[in-house]
Amino acid sequence: MLTSDRPLSPLLQKVEAVGRMTTKWVDSLGFGTALLYQSAFWLCLGGHRKQQVRLAPIVSQMMEVGIRALPIITLVSTTIGLMLAIQGIDALKDFGAEHQVTFGVALSVVREFAPLITGILIAGRSGSSFAARLSTMMINNEVDALRVMGINPVRFLVVPSLVSMMIMVPSLTLWADMVALLGAGIYITTDLGISMGTYIGQTIAYLGTEDVLHGLGKSFVFGILITLVGVINGSSVTGGAEGVGRVTTRAVVHSILAIILADLLIVFLLTR
Amino acid sequence: MTTSPSESKPLIEVTHLTTHYGSRQILNGISLTVNKGEVMVIMGGSGSGKSTLLRHLIGLEHPTGGCIKLLGQDIGNMTEHEMTQFYRKMGVAFQGGALFSSMTVGENIMLPLREHTKLDQKTMEIMVRLKLEVVNLAGFEYLMPSELSGGMLKRAAFARAVIMDPVLLFCDEPSAGLDPVVSSSLDELILRLRDALDMTIVVVTHELESAFRIADRITVLDKGDILTIGSVDEVRASDNKRIQDLLNRHFEEEILDPDAYLARLTGEPENTLSHA
C-alpha cells in the first residue's frame, strides 16, 4: 500500500484539504459543462428522442424568475439610480462638471450596475430556490423517480430553469436599466434644473447600442451561471433538512462569486 | 393449463452481482432469478444490502461486477436512451412515495402518460381515475401530496408506478412505518396488481408478516450475501441460524477480540495498542 492509515501531520492535512477542494472545484466545473451540453442537447434534439422540452414549465419558471422579481428589481434599481446621481453630482461639483453626470450615470448603470444588481438579486432569489428545490427532490428520491419513469432529469428540471433564466435575466436587466436611469433622471432634473426631455435626450445621445448589449450580454451569462451553480449545489446535497439549508446558502454565495468573477473577466476582455 | 411461476421463463436474472462503496463490499456475488407473474420478496435486516440490490435492479446504480438481465436484456450494456425506453416497461414505488410536491396527486400519476404518450387530456384523466380506483384512492386526484397520510402516499405511488401497465414492478419497503391494517391493505393491493395486471413484482422489505403474506418466493440477504432463496415454507423451515435469528427477531451481539475492541474505541491501530 502506498498510504498509511496513520493520521497525517497538521501541515499535510492542510495540503490534503487544499487538494480535495481543488478536485471538488474541477469536478463541479466538469459537471457544469456537462449540464450545459446536455441542456443544449435536449433543447435541440429532445423532440427527436420523443422527449421534447415543454413550453408550460418554461413559462411557469419565467413567471417565477422574472415577473415576480419585478417589484424588488424596480425598488433596488431606482434606489441605485438615485444614489449614483447624488454621488455623481457631488463628486463632479468639485470640478464644475456636474452637467456631465448624465454621461457617467448612463454608462455605469447600463454597462455595470444594472446587470450586476439584477444578477445578484436573482442569485439570491431564484438561484437559492433552484438549489433548495433540487436538493429536496434529491433527498425525497424524486429525481430517482423521474429517472425510473424514463424522464431525463436534466431535460425535465434543468432546461426549463436554464431557458427561463437566459430570457428573463437580460429582460430584467433591461427593465433595471430603464428604472435606474429614471430614478437618476428624477434627481438630476430636480437638482440641475433641466427638463426630463433634455435628460432623456442626453442619455440616448451618450449611450451606444454596444453599451446596452454589453450589459445584456453579461446578464445572459449571469443567468446561465446562476442556474448551473444552483443545480450543481442542489444535486450535491447530503443529509436531510440541514443539508438542504447548507447547499442553498452555498448556492447563493457561489452564484454571487461566479457573477462577480465572470463580470471581471468579461470587462477585462472587452474593454481593456 | 396454467403455468406455475417456477415453471415459467425468468424475467429478472441476476448473476454474480458484486458492488463496493469505496473499500466496503456491499453485495458479494449475488445470483437470483424472478419468474413471470411471481412476487419475489427480498428480505433482510438493516445494512444487509437489500436496498442497494433494488437500486441495482432498477438501474440507478452500476455494479462493480456481475450482470443484471431484465426481460432478457442486460441493463449494464444499455445506452442511456435504451434505458429510458426500457423504463416504460417497469414501475417503481419508492419507500416514501417520491411524489412531486409541486403537483397534485392526479398530475403526479399522469406524468408518465403525459411524457411518453400522445393521449388526449380526457383519456389521461380517465386512466388516472381508473388507477386511483385500483389503489382505493378515488376522488383524491386534486389533493396535494402533503395532504395525504403515509399509507395514502404509498398507494398514490403505486398508482403512478402502474399507470403505464408495466411488466415489472419494484416496491421499496411498501409497509414500512404503517400500522398493521394499512400495511395489510397494501399487501392485498400488491397481490391484486399481480393478479389483475399479470405483473412480476419484486418487493424489498424487512417486515416479516408482510413478506410471508405476499411472497411466492423469498430471498434472504445478510451482509451482502444470499442466505437462502425459497418459498415461504422453505424459509420458515430453514435451519440457518442467521435466518432463524431474523425470523425470531433475535439480535446477536458481535463478539470482538479485546484488542480489536480497544482499537475501535481509541482509533489507534490494533498492533500499536497491544505493544504499548
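Predicted model: local features only at pLDDT ≥ 70, side-chain atom pairs only at ≥ 80, totals over all residues.
In the model, local features need pLDDT of at least 70, side-chain atom pairs count only at pLDDT 80 or more, and totals for chains, interfaces and linings use all residues. Residues are numbered from 1 along each chain as its sequence is written, while chains are lettered from A and ligands numbered from 1 in the order in which they are written.

**View 1. The open sheet of chain B.** Six strands line up in the order β6-β7-β8-β3-β9-β10 (chain B), with mixed pairing. β6 (90–93) and β10 (225–230) of chain B stand at the edges with a single partner strand each, so one side of each has no neighbour in the sheet. From one strand to the next, the twist averages 15°. Helices (H or I, at least four residues) and strands (E, at least two) are DSSP runs, numbered from the N terminus. Two strands pair if DSSP finds at least two bridges between them. Axes are lines fitted to C-alpha atoms, for helices over the stretch in contact, and angles run from 0 to 180 degrees between N-to-C directions.

**View 2. Strand β3(B) and its two partners.** β3 (residues 39–44) of chain B pairs with β8 (residues 200–205) of chain B in the parallel sense, over five bridges. β3(B) also pairs with β9(B) in the parallel sense, again over five bridges. Follow B:Ile42: B:Val204 stands opposite in β8(B), and B:Thr219 is its bridge partner in β9(B).

**View 3. Strand β9(B), covered on both faces.** Six of the six residues of β9 (residues 217–222) of chain B are buried. A residue is buried if 20 or more other C-beta atoms lie within 10 Å of its own, exposed if 12 or fewer, and partly exposed in between, with C-beta atoms placed from the backbone. One side holds B:Arg217, B:Thr219 and B:Leu221; the other holds B:Ile218, B:Val220 and B:Asp222. β9(B) and β10(B) pair in the antiparallel sense over five bridges. B:Ile218 has B:Gly230 as its bridge partner in β10(B). Two residues lie between the strands of this hairpin, where B:Lys223 takes a positive phi near 50°.

**View 4. Helix α6(B) across the sheet.** α6 (residues 180–197) of chain B lies across β3, β7 and β8 of chain B, at about 160° to β8(B). Its 18 residues should span 26 Å at 1.5 Å a residue, and its end C-alpha atoms are 25 Å apart, which agrees. The expected span is 1.5 Å times one less than the number of residues. B:Ser183, B:Leu186, B:Asp187, B:Leu189, B:Ile190 and B:Leu193 are buried in α6(B). They cover an arc of only 155° around the axis, which puts them on the same side of α6(B); the arc is that of the directions from the helix axis to the C-beta atoms. On the other side, B:Pro180, B:Val181, B:Asp195 and B:Ala196 are exposed. After the helix comes B:Asp198, with a positive phi near 55°.

**View 5. Where chain B touches chain A.** Chain B gives 17 residues to the contact and chain A gives 13 residues. Two residues are in contact if their C-beta atoms, placed from the backbone, lie within 7 Å. α3(B) supplies the largest share of chain B's side, four residues. That side divides into ten nonpolar, five polar and two charged residues. Ala, Val, Leu, Ile, Met, Phe, Trp, Tyr, Cys and Pro count as nonpolar, Asp, Glu, Lys and Arg as charged, and the others, Gly among them, as polar.
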